[in-house]
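Dear colleague,

Please find below the structure that I am handing over to you, with its sequence. I would be grateful if you would look through it alongside the findings that come after it.

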Amino acid sequence: MTPLDALLALSLVTLLLTLSCRHQVWCGVLTTLLYGVQLMALLFMSTSIHYGVPVPSGVHFNVLGFEMHWAMTPLAWFFALITLGAAVASSWYASTSWGRHYAATGGSPGLLQVALACNVVSMLLLLCSADLLGLFISWELVSWASFLLMASAGGAAVRHALHYLVYAVAGGMAVLAGIALVYVATGSLSFDAFVASLSGLSAGRLWLLLLLFGGGFAVKMGLLPLHLWQARAYADTPGPGSAFLGAISSRMGLFGILLVLVQLAGLARFAGLVLPLTPFTALDLLAWVAAFTIILPTFTALRQTDARRLLAWHGIGQGGYMLLGVVMGDALGSAGGLMHVFNHATYQAALFFSVSAVVYRTGTSDLDQLGGLVTRMPISFTAMLIGIIGLAGLPPMNGFVSKWLIYQSLIREGHPLLFIAAVIGTLGTILSVYKLIHNMFLGQLRVEHEHIREAPWSMTLPMILLSAVVFATGYLPGLVLRWIAPVQRELGLPVLDYTLGGYQSTAGSLDMIWVVTSMLGGFAIGAVLFYAGGRARRVHQLDNYAGGHFLDAATRYQYSYNFYPALTRLAAPLYRDSFQWLESALVSMLQLASAGAQGIYRSVHPSLYLLAAAVIAWLVWGGGH
Amino acid sequence: MGWGSVLLEVTLMPLLAFATGLLLVLMMRRIRARLERRVGPPFFQPLYDILKLYGKRVQISHGFIHDLGIIMVVGGYITVEMYLPMPGMDGLAAHGDLITLAYLMMVPSLGMALGVGQCANPNGSIGISRALMAMLGYDIPFMLVIVAAATLYGTTSLPDIIAAQQGGGMATWGVVTMPVMAIAGLVTTHVMLAKEPFETYVAPAEIATGPMVEMGGKFMGGLFVVQAFQVYTAGALYTTLFLGGGTSWLEFLPKLCAVMFLPFAITVLFPRFKAGEGLLWVWKWPTAIALLGLALIYLRR
Amino acid sequence: MNAPVLMFALPLLTAFLLPVIDRLSGLAGRWIGPLVLVGNLLLGALAWPHLQDAPLVLAMGGFRPPLGIVFYVDRMAMLFAMGVALGVLLLWPAWAQDKDRVRISTLTMVLVTATTGLALSGDLFNLFVCYELAAISSYGLAAAGGSAAAGAATLRYMVISSFGSALMLIGIALVYQATGTLNLAQLAVLSDALAGPQGLIAFIFILLGAGVKAELFPVNAWVPEVYGAAAQRVAGILAGIVSKLALLIIVRLLVLVFRQPEAQQILLVLGVLGVITGELAAWRAQDLTRMLACSSIGQLGVMFVAFSIPGPAGVFAGLAVALHHMLVKPALFLLAERWGGALTRLPGAAQKSPLAAACFVLLALSLVGIPPLPGFWAKFLVVTAALGQGTPAYAGAVAVILAAAVIEASYLARVAAHLYRRVTQPLSANRQTRAAVTVATCASAALVSATLWLAPLGNSLQVTAAQAADRDSYIHNVFPQGVQP
């Protein structure tokens, strides 16, 4: 029994236990503990992984002539770490007062825990698969487990979950087509056979494989133009469920791309694959898809008025950074892209938890109905502040390090326009997250929220811990880069020569230890200068400049609606919802065809049409011969 | 570099930057005065203003985040100065490069935004909204300048960029090797200062000075300090990238004043853009010039 | 070894004796039908070991082929014969209604006879006779509901079916005219005579004729109406069992007699059209029965595509899909007995019958082709076999099949969402009968065990398919001493 077998058995046991005791009150606590044990089992394998030695599984099947086996590689270990970490945090959060409140409002926290356990099991199986068949089977299981998690809330969420399902099954079928093509070419579904079959492929075939595998995995990841399902589906999943989905679920698509396109096929192969009649290669296409995935969803997020939709749209946008970094193919970019997966998981989870806490206390996540909660919920505010600094990619949080690595890579590889695209994404993110924190926590406190208290300790503790992780990995990014080096080696990419504080080179270095310490020092000096300047009197929020008017509690004195009017006005002609139009056009065509098909089966005298069709077919075909 | 010299540089650089910034603020006010046919304030006026503000008896605060905002603005700029090389002092520039500097410069804006947010005044929030939109505007040509400089010099480390320019005399200055980019950079510097015609976020008649509406006393004093830092940083960054820094203060100071002269003069002559107009203008002209400059750099490679 | 003949004769005898038996003893009349079916299963189990090495060839009355009627019992035939017995046993229609019990039992036994004959026959004439028997008994069963809708639907079905039967007869006549024989083995030997345009026309006519029952594209307009109006058990039998047997005729002909590529192309095109129209029509359906009916059109289209692939790979893939469909569809139709009607009536059904809802989800997942359930493996076999042909036509067919799977997932998930929606007062009409729950659970259990024992099942099926696709051994088995002219 290898350590990997122990881990997989543990997660199966977790699923079964959760299933059997899902109606118990202590179910959530049990699952959190079990995820913690799984995390420890994972960390037990860390020394072997650090040296790049994969941990095989003792279990293997032979089905219809196909071998299925599993192994924990460094890439799998990295993603599994994030998965289990997110699972621990989400399960913990769901087992607190939030779970009781959710049950009281008609939800089923037990079902949520079961869905979470299904997701963890299927994701671990996906990450550890060592052949194409196991990959596909676990890919489908992951898709359906995500569907279960999204639909577990019932009601309006089911509609968006069904929308997701169509996309997910379509993506799965694309991957299946790719796998079938590989099988037909080589007669085997092992990774080695796949790599061997690629060497003799024509350009057209290679494009087909890229589109099938890339497209299939891109659906899960939410790359443009296959992203329309993600924001609404993730936002409507109940609290910790959306944190889990946003943190790691869509990154399974990135895992697929890394495994199949980067590790097995190799980026060099796609660098030589040219788009006909243009000077662009397949890698350029991927890079620009990533760039547009950064920009467009970020500015869609800017226009959202619901906090959870806003965060979900940012989740889509940040995925673009990860792909962009990886596609660059050098040590800096790929390290940045991979580190961004980890960083994003940490601050996205913190942000979703914070928003959930506000929803728990106030009952709404509508940004136009909130405000001023910083005085009532300071811990949630701090968690959100650290989260948004991380999301925006500003020092001293960890988001800055991964973005810095990606920017350096873009400059060094000579892609100025992609650099500008990435920067536009960051700027849009800063604007958008400021609106989030301002409309929620800053500004005027509403009368109906005067009595609100901070979320209970059980809910704020995970937030605080996640924020601490965000800050700590920002301070010492070497801790995370240490896990990434073996991944880069496995993927066949150049390995980053990292330091504990970041990266040293003659062409520009980053040492976060110095940066964060100097920032803290600067703030300390600023604080000294501030508090040395005499006492300030605390005044009530209604004691405010209002052009000579008296403010009272009934006066709404908050600027939250249409927070960036000039930008919205300027961007409005560009945001014609083109992707949604495209999607609805496709659906309309399908409905038309479907109505036609239904008409065939409703016709009163089919024999006549039959005869007519037979005569026509005879004429056409007989005439041809 | 021993710990002692590091500590010395880290303390001196913000102080010198502050002092030089005060000088530049004075220059700005004198130029405005002269163009308006006045004499202008005395030499130490900017310092007197700050001391006056800090000495006010009645100072109001709307909460801890209000205080934290000002701390973050001042502290943030102090940190920025540690990473911007001065003649004779590189500070911490070896540990954080040009990109880090650009992002560190966004931290004070965020701090200000947070502090104004807790003031619970819509005028302030509108001002911050406009300020952030303006930041979205100027950061695009600014980042284009950064990527051009990084591409041309082959490094993002500021001491190396300065050394590359000082090595070959005036012929290797950025102004000479990438002239179109230098023009874009100068326009961007003006926009960054958020002075007329890009001063929409203040707009005294429209939104009651925007973010400053509930700032008084030491809060306003802190913002005045930051103004000095801001003017210095913009000028010093441009000088570092395009004018070869300065081997000594005798060379550095005139360069700074020369760079800032044009923006200061122009700002007197113009009224204010409307909120969206400024954004559109910045996305058109400086961006176009910067893109042209970038294309020229790439063509020459 | 007469067991296969008994499998054909016993139900026929029972059918005609049933009214008499029922008059003598009501209890016997109620149970004789299912007992005979159990007997059929036992006979099949007895005969199965004898089929391991070589198929059985049984000449009726001792008259040697090609003059006499011959039963060719290979593994595939026996598999389907047993499948008929088991399926009809589980879906026994007469238990659901008391009114016309005897008539329905009689008709069902005739149907069993006919379908067993379709599975076991070795010559075209017998196939035609059995086909007609199956058609007539299905008319009766479909109309047995007594409702006006059932009557109208059956009438339209009769028109198309008669048209199809006429075409089939003409086709058989053309075959006879070209070769002078109707024995399948001898036709296989003389298949060159049918290689030209006359043979192709004959094939098309037989295809359209058999295709009526097999839900082939142009002649399947009757399917949604009849399945919707008839009793759901009857619909399950027709969709799940009878259609496969009609398909079997075409498979035998393709393997043995009509081997020109145009025949395969026609089958491919019609199969693809069936997939497209079936799945799209199912997508729009507003009630479960119509949805399942159109879905079965789509699935049969997939089977046509699979069987149009030449060689044992095609037969293997088609057999896998057919057997899987035979397992899943009847169970689904049985669940639709209570859950038929508008989809908007379904919310809360999972609260009333949680086990049945869970079984529905499992069956639906397997139908769509979600691994590791058997439906996925069947689809995978079809996809790989089709792509292995390498032509753009087959590649296009694969794209259509995969796209159809997406549409299938969409509407089946929609139904599942309706089932699991929570309502305060679920309709009691949504509670499943115990019989339906039992059958659905058995089907789900069969699916799960098939998943667990996939390797041996797959190997066994592959041997069966190889045996069925082996033309030379067919001829050799029927004419061990060589062919007599």
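The notes below go through the chain contacts and then some local backbone features.

Please bear in mind throughout that this is a predicted model.

Overall arrangement

There are 2 pairs of chains in contact, and chains A and B share the most contacts of these. The other pair discussed here is chain C with chain A, where 46 residues from chain C meet 43 residues from chain A. Chain B and chain C, by contrast, do not touch, and their nearest C-alpha atoms lie 42 Å apart.

Interface of chain A and chain B

In this interface, 73 residues of chain A are in contact with 75 residues of chain B. The two chains bury about 6200 Å² between them, with carbon and sulfur atoms giving 74% of that area. Three residues, A:Tyr434, A:Trp514 and A:Phe530, supply 11% of the area that chain A buries against chain B, which is more than any other three residues supply.

As to polar interactions, the rule finds 30 residue pairs in polar contact across the interface of chain A and chain B, counting pairs with both residues at pLDDT 80 or more. Several elements of chain A give two or more residues to the side that touches chain B, among them helix 18 (378-392), helix 19 (398-412), helix 23 (512-531) and helix 24 (565-571). Helix 20 of chain A provides the largest share of that side, with 14 residues. Sorted by class, the side of chain A that touches chain B holds 45 nonpolar, 22 polar and 6 charged residues.

The rule finds 1 salt bridge across this interface. A:Arg538 forms a salt bridge with B:Asp67, and the closest N and O atoms are 3.4 Å apart. The chains are also joined through strands: 2 bridges link strand 5 of chain A to strand 1 (residues 60-61) of chain B, and these strands run parallel. Within this pairing, B:Ile60 in strand 1 of chain B is the bridge partner of A:Arg537.

Leaving aside residues up to four places away in sequence, A:Ser509 touches A:Trp404, A:Tyr503 and A:Gln504 in chain A, and B:Ala94, B:His95, B:Gly96 and B:Asp97 in chain B. A:Ser509 has a relative accessible area of 6% and is therefore buried.

Interface of chain C and chain A

The area buried between chain C and chain A is about 4000 Å², and carbon and sulfur atoms give 83% of it. C:Arg284, C:Trp377 and C:Phe380 supply 14% of what chain C buries against chain A, more than any other three residues. The count of salt bridges between chain C and chain A is 0, and that of residue pairs in polar contact is 4, with both residues at pLDDT 80 or more.

On the side of chain C that touches chain A, the elements giving two or more residues include helix 6 (148-179), helix 11 (261-284), helix 12 (288-307), helix 16 (374-389) and helix 17 (392-420) of chain C. By class, this side of chain C has 34 nonpolar, 7 polar and 5 charged residues.

Local backbone features

The peptide bond from A:Leu224 to A:Pro225 is cis, with omega near -10°. A:Pro225 lies in the loop between helix 10 (203-221) and helix 11 (230-236) of chain A. In chain B, a cis peptide bond joins B:Glu196 and B:Pro197, with omega about -5°. B:Pro197 is placed in the loop between helix 9 (179-192) and helix 10 (204-207) of chain B.

B:Ala194 is found in the loop between helix 9 and helix 10 of chain B. Although B:Ala194 is not a glycine, it has a positive phi of about 55°. Its relative accessibility is 15%, so B:Ala194 counts as buried.

In chain C, C:Glu215 is a residue other than glycine with a positive phi, near 55°. C:Glu215 sits in the loop between helix 8 (197-213) and helix 9 (223-229) of chain C. At 1% relative accessibility, C:Glu215 counts as buried.

With kind regards

Note on methods. Residues are numbered from 1 along each chain as its sequence is written. Chains are lettered from A and ligands numbered from 1 in the order in which they are written. This is a predicted model: local features need pLDDT of at least 70, side-chain atom pairs count only at pLDDT 80 or more; totals for chains, interfaces and linings use all residues. Side-chain values use heavy atoms; hydrogens and water are left out. Contact means heavy atoms within 4.5 Å. Buried area is the accessible area (1.4 Å probe) that two parts lose on being put together, summed over both. A salt bridge is a side-chain nitrogen of Lys or Arg within 4 Å of a carboxyl oxygen of Asp or Glu. A polar contact is a pair of N or O atoms within 3.5 Å; within protein, one must be able to donate a hydrogen and the other to accept it, and residues adjacent in sequence count only if both atoms are side-chain atoms. Helices (H or I, at least four residues) and strands (E, at least two) are DSSP runs, numbered from the N terminus. Ala, Val, Leu, Ile, Met, Phe, Trp, Tyr, Cys and Pro count as nonpolar, Asp, Glu, Lys and Arg as charged, and the others, Gly among them, as polar. Two strands pair if DSSP finds at least two bridges between them. Buried means under 20% relative accessible area, exposed over 50%, partly exposed in between (1.4 Å probe, protein chains only).
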